[in-house]
Amino acid sequence: MIAAILICGTNAQAQTKRSDAFHTKYELKEVVVMSRHNIRSPLTSGGAAYMRVTPHTWFAWSSPSSQLSLRGGVLETEMGQFFRQWVVSEGLLPDNYRPEGDEVLFYANSRQRTFATAKYFSAGFLPFANVEITHKLDEDKMDPVFTPQFTKMNDTYRQQVLADMQALNGGPQTWMAAQQPTLELMEQVLDMAHSPAAQQGDTTHFWFDDTQFKLEKGSEPKMTGGYTLANSVADALVLQCYESESMTAFGHELTMEQWRAICAVKEVYDGLLFTTHSAAVNLAYPLVSRIREELNRSDRAVP
């Protein structure tokens, strides 16, 4: 039985090779794949803040702002092919399977990058099926199921979330301060001191001492202050590396450890906003509920 294919909008981890003893003891009965989108262009463009902090020209993207890139589509097709080989090798599906009725569901957020990711994945996973991708809203609208927004909020709960943030790696300021060597590396790579932002007297470095958080019902958790700029620049740098397949950024050959450190700048941002226990159980509730609903359905079956 394949319960559902759910594409929301980090790619699913590859399955490790199982031993013969494992296969003798266990049989794969159902699968839920929860995945984010593949490589996209940066979320903002045309005068965006991240573009102003370097005198160099950013990568020429193959897609408009925030949309799935050409390389992202290729990689997601490969991801679908990997999953097809896996479920066939496990005996869950025949090769080139064509589902009937509601046996398989592809449900995507209505953002272009998530819908397109689902289309590319389906092309690799079920190449003969011409799968219809389910999405609920107009193009580039956020489906509440996939939106990490607070479903409740009051002063007591807000203080609990903030307290949990303070418990993460010594609190926001301490955790951000630990990224200072990487922020300085990013400034050098960007040649930030000679950027349009520096020439216009805006900024010549990344800062984080003005960070504040906004936690409101019906909205995603938000961060304001200088660290948001560092996050958007790190995001653009990493995406440029993925899309260009080059370890070089603006003439600087970076090591894998340096790229991982730049990724960590983003991880601090996301970690503070989304990964505390008190916030996560609220933000993830709609999606977790939808997955539970799929797992409890009996019609997602393969004869």
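## Overall build

Buried residues account for 44% of the 303 residues in the chain. The model is a predicted one. Eleven helices and seven strands make up its list of secondary structure elements. The radius of gyration of the chain is 21 Å, close to the 19 Å that the globule rule gives for 303 residues, so the chain is as compact as a globular protein of that length.

The C-alpha trace spans about 65 × 50 × 45 Å along its principal axes. What about the surface? The chain exposes about 15,700 Å². Carbon and sulfur atoms supply 51% of that area.

## Where two helices pack

Take helix α6, residues 180-190, and helix α9, residues 256-274. These two helices pack against each other with their axes 9 Å apart. The angle between α6 and α9 is about 110°. Angles of 65 to 115 degrees count as roughly perpendicular, so α6 is roughly perpendicular to α9.

Which residues in α6 meet α9? They are Thr182, Leu183, Leu185 and Met186. On the α9 side, the partners are Gln258, Ala261, Ile262 and Val265. By class, the contact of α6 with α9 has six nonpolar and two polar residues. It has no charged residues.

## Leu190, a buried residue in α6

Stay with helix α6 and look at Leu190, which lies in it. Is Leu190 buried or exposed? Its relative accessible area is 0%. Buried means under 20%, so Leu190 is buried.

Leu190 touches residues from several parts of the sequence, even with those up to four places away not counted. Val53, Thr54, Pro55, His56 and Trp58 are among them. Phe206, Val233, Leu237 and Phe250 also touch Leu190. Phe250 is 60 residues from Leu190 in sequence. In space, the C-alpha atoms of Leu190 and Phe250 are 6.9 Å apart.

## Asn282, a buried residue in α10

Asn282 is found in helix α10, residues 277-283. Its relative accessible area is 4%. That value is under the 20% cut-off, so Asn282 counts as buried.

What does Asn282 touch, not counting residues up to four places away in sequence? It touches Gln149, Phe150, Thr151, Lys152 and Tyr157. Lys152 and Asn282 are 130 residues apart along the chain. Their C-alpha atoms are separated by 7.6 Å.

Arg52 has its place in the loop between β2, residues 32-35, and α2. At 25% relative accessibility, Arg52 counts as partly exposed. Arg52 and Ala198 are 146 residues apart along the chain. How many Å separate their C-alpha atoms? The separation is 8.6 Å.

Now turn to Gln173 in helix α5, residues 172-177. Gln173 is partly exposed, at 35% relative accessibility. Gln173 and Lys25 are 148 residues apart along the chain, and 49 Å separates their C-alpha atoms. Gln173 is in contact with Phe208, Asp209 and Thr211, leaving aside its neighbours within four places in sequence.

Most residues other than glycine have a negative phi. Two loop residues are worth a look here.

Asn96 has a phi near 55°, a positive value in a residue other than glycine. Where does Asn96 lie? Its loop runs between α2, residues 70-89, and β3, residues 106-107. Asn96 is partly exposed, with a relative accessible area of 29%.

Glu245 has a phi near 60°, which is also positive in a residue other than glycine. Glu245 is found in the loop between α8, residues 227-244, and β6, residues 248-249. Is Glu245 buried or exposed? Its relative accessibility is 60%. The cut-off for exposed is over 50%, so Glu245 counts as exposed.

Technical notes:
Residues are numbered from 1 along each chain as its sequence is written. This is a predicted model: local features need pLDDT of at least 70, side-chain atom pairs count only at pLDDT 80 or more; totals for chains, interfaces and linings use all residues. Side-chain values use heavy atoms; hydrogens and water are left out. Axes are lines fitted to C-alpha atoms, for helices over the stretch in contact, and angles run from 0 to 180 degrees between N-to-C directions. Helices (H or I, at least four residues) and strands (E, at least two) are DSSP runs, numbered from the N terminus. Angles under 35 degrees count as roughly parallel, over 145 as roughly antiparallel, 65 to 115 as roughly perpendicular and the rest as oblique. Contact means heavy atoms within 4.5 Å. Ala, Val, Leu, Ile, Met, Phe, Trp, Tyr, Cys and Pro count as nonpolar, Asp, Glu, Lys and Arg as charged, and the others, Gly among them, as polar. The radius of gyration is taken over C-alpha atoms; the globule rule is 2.2 Å times the number of residues to the power 0.38. Buried means under 20% relative accessible area, exposed over 50%, partly exposed in between (1.4 Å probe, protein chains only). Accessible areas come from the Shrake-Rupley method with a 1.4 Å probe; for residues, only the protein chains shown count as cover.
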